[in-house]
Amino acid sequence: MEQLPDYVDILAASRMEWEILQLLLLSNDDKRIWRIEEVLDETADPVVALDALSVLSEVGLIGRRGDFVVITTAALCFHQLSTDPGRPGWIRAK
């Protein structure tokens, strides 16, 4: 069996991190706290998802408390800034 190059694993891990981050960000209004098992159920590969959760936690984009994960304030703020960068009226008061 031919072995896939290492960059395929890196790409898959990066995509999984993005997928989980989007799941948590977009559901934040309806569901703020997720059980790890629920997150894993929403993904295609639970093993890669566990690694992705670990990376997201290490860099401070999610918080892990026992069997639960939540999106951090920093990640939520960045998401809001990147999706609605503001209007000039917000920058300088008249």
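Me: In this predicted model, which residues of the largest nonpolar core touch the most other members?

Reply: The model is a predicted one. Its largest nonpolar core holds 17 residues. Those that touch the most other members of this core are Ile 20, Leu 24, Val 39, Leu 53, Ile 62, Val 69 and Ile 71.

Me: Which element gives the largest share of this core?

Reply: Two or more residues of the core come from each of α1 (6-26), α2, α3 and β3 (68-71). The largest share amounts to five residues, and the element that gives it is α1.

Me: Which residues does Ile 62 touch, not counting residues up to four places away in sequence?

Reply: Ile 62 is among the core residues that touch the most other members. Helix α3 spans residues 46-58, and Leu 53, Leu 56 and Ser 57 are among the residues that Ile 62 touches.

Me: Why are the buried residues of α3 on the same side of the helix?

Reply: The buried residues in α3 are Ala 49, Ala 52, Leu 53 and Leu 56. An α-helix has 3.6 residues a turn, so residues three or four places apart point the same way. The four buried residues, Ala 49, Ala 52, Leu 53 and Leu 56, lie on the same side of α3 because the arc they cover around the axis is only 105 degrees.

Me: Which residues are exposed on the other side of α3?

Reply: One side of α3 carries the buried Ala 49, Ala 52, Leu 53 and Leu 56. On the other side, the exposed residues are Val 47, Asp 51 and Glu 58.

Me: Which residue has a side-chain oxygen that reaches the backbone nitrogen of Val 47 at the start of α3?

Reply: Helix α3 has 13 residues and reaches 18 Å from its first C-alpha to its last, close to the 18 Å expected. At its start, a side-chain oxygen comes to within 3.2 Å of the backbone nitrogen of Val 47. The residue that supplies this oxygen is Asp 45.

Me: To which backbone oxygen does the side chain of Thr 72 reach?

Reply: Thr 72 is located in the loop between β3 and α4. Beyond four places in sequence, Thr 72 touches Gly 60, Leu 61, Ile 62 and Gly 63. At 2.8 Å, the side chain of Thr 72 reaches the backbone oxygen of Gly 60.

Me: Is His 79 buried or exposed?

Reply: His 79 belongs to helix α4 (residues 73-83). Leaving aside neighbours within four places in sequence, His 79 is in contact with Gln 22, Leu 25 and Leu 26. Its relative accessible area is 17%, and the limit for a buried residue is under 20%. His 79 is therefore buried.

Me: Is Arg 15 buried or exposed?

Reply: Arg 15 is part of helix α1. In space, Arg 15 is 8.9 Å from Ala 52, C-alpha to C-alpha, although the two are 37 residues apart in sequence. The relative accessible area of Arg 15 is 57%, and over 50% counts as exposed, so Arg 15 is exposed.

Me: Which element of the protein has the lowest mean pLDDT?

Reply: The mean pLDDT of the protein is 86, with 82% of residues at 70 or more. The highest mean among the elements, 97, belongs to helix α2 (residues 36-41). The lowest mean, 58, belongs to helix α5 (residues 88-91).

Terms used
Residues are numbered from 1 along each chain as its sequence is written. This is a predicted model: local features need pLDDT of at least 70, side-chain atom pairs count only at pLDDT 80 or more; totals for chains, interfaces and linings use all residues. Side-chain values use heavy atoms; hydrogens and water are left out. pLDDT is the predictor's confidence in each residue, from 0 to 100. The expected span of a helix is 1.5 Å times one less than its number of residues. Buried means under 20% relative accessible area, exposed over 50%, partly exposed in between (1.4 Å probe, protein chains only). The arc is that of the directions from the helix axis to the C-beta atoms. A polar contact is a pair of N or O atoms within 3.5 Å; within protein, one must be able to donate a hydrogen and the other to accept it, and residues adjacent in sequence count only if both atoms are side-chain atoms. A nonpolar core is a set of buried Ala, Val, Leu, Ile, Met, Phe, Trp, Tyr and Cys residues joined through side-chain atoms within 4.5 Å. Contact means heavy atoms within 4.5 Å.
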